[in-house]
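Welcome, and please open the model in your viewer. We will go from stop to stop, with something to select at each one.

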Amino acid sequence: MAKIDIKNPIVDEIKSQIADATSLILVGYQGMSVYQDSDLRQKFRDENIVYKIYKLSIISFAIQDDPKFQSLIPLLENLTYTAIALGYPDSGAPERVIYDFVKEHRPITLQLFGGVIDGICYDQEALYAKIEDDIQRERLLQKLVAYLSM
């Protein structure tokens, strides 16, 4: 059996998962303990987020024909490892889970390499900035709701 025959079902699995996804985040999982990894996976499951580790070449092959996520291919070329987190239908869910997880498990260094959220591609620096902006916006909205409900 050729390698391509083995990889095709995996590529098809990724394609079917990203078909309905509204966001895809490239997550660096190295440096976490088994407990931390299990905890992160559980938090993702609780929010209906698919989180899986795949070979970079397989991810690249799976997204090359998808117009939503093919802009990530240049980011994949510079990586040696990654996992993907896919958000359905709430595109901000993966970033919130990651933010809360890092806050809870400090001084963990969970890396984000980039991602696509609502059709916009973010490199590593822009993704961190977007997460910070979204978290601050969410906190302000929570304060506003609390103030208005007084």
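What is the order of the strands in the open sheet? Select the five strands and you can read it off as β2-β3-β1-β4-β5, with antiparallel pairing. β2 and β5 (120-123) stand at the edges with a single partner strand each, so one side of each has no neighbour in the sheet. On average, neighbouring strands here are turned by 15° against each other, direction ignored. Two strands count as paired if DSSP finds at least two bridges between them, and strands of a sheet pair through backbone hydrogen bonds, either parallel or antiparallel.

Before moving on, a word on what you are looking at. This is a predicted model, where local features need pLDDT of at least 70 and side-chain atom pairs count only at pLDDT 80 or more, while totals for chains, interfaces and linings use all residues. Residues are numbered from 1 along each chain as its sequence is written, and side-chain values use heavy atoms, with hydrogens and water left out.

**The whole chain**

The chain holds six helices and five strands, and from the N terminus they follow the pattern α-β-α-β-α-α-β-α-β-β-α. Helices (H or I, at least four residues) and strands (E, at least two) are DSSP runs, numbered from the N terminus. Along the principal axes, the C-alpha atoms fill a box of roughly 65 × 35 × 25 Å. Of the 150 residues, 43% are buried, meaning under 20% relative accessible area with a 1.4 Å probe, counting protein chains only (exposed is over 50%, partly exposed in between).

**Along the sheet**

Next, select β1 and β4, which run antiparallel and are joined by six bridges. Gly28 has Gln111 in β4 as its bridge partner. β4 is mostly covered, with six of its seven residues buried.

Four bridges link it antiparallel to β4, and Val116 stands opposite Cys121 in β5. Where is the positive phi in the hairpin of β4 and β5? Zoom in on Asp118: two residues lie between the strands, and Asp118 takes a positive phi near 50°.

**Helices against the sheet**

Select α6 next. This helix lies across β1, β4 and β5, running at about 75° to β4. Axes are lines fitted to C-alpha atoms, for helices over the stretch in contact, and angles run from 0 to 180 degrees between N-to-C directions.

Now go to α5, residues 93-104. At 1.5 Å a residue its twelve residues should span 16 Å, and its end C-alpha atoms are 16 Å apart, which agrees; the expected span is 1.5 Å times one less than the number of residues. Which residues of α5 are buried? Colour Ala93, Pro94, Glu95, Val97, Ile98, Tyr99 and Phe101 to see them. Their cover includes β1 (23-28), α2 (34-46), β2 (49-53), β3 (83-87), β4 (111-117) and α6 (124-148).

**Last stop: Asp37**

Finally, pick Asp37 in helix α2. Is Asp37 buried or exposed? Asp37 counts as buried because its relative accessibility is 19%. Beyond its neighbours within four places in sequence, Asp37 is in contact (heavy atoms within 4.5 Å) with Met32 and Tyr51.
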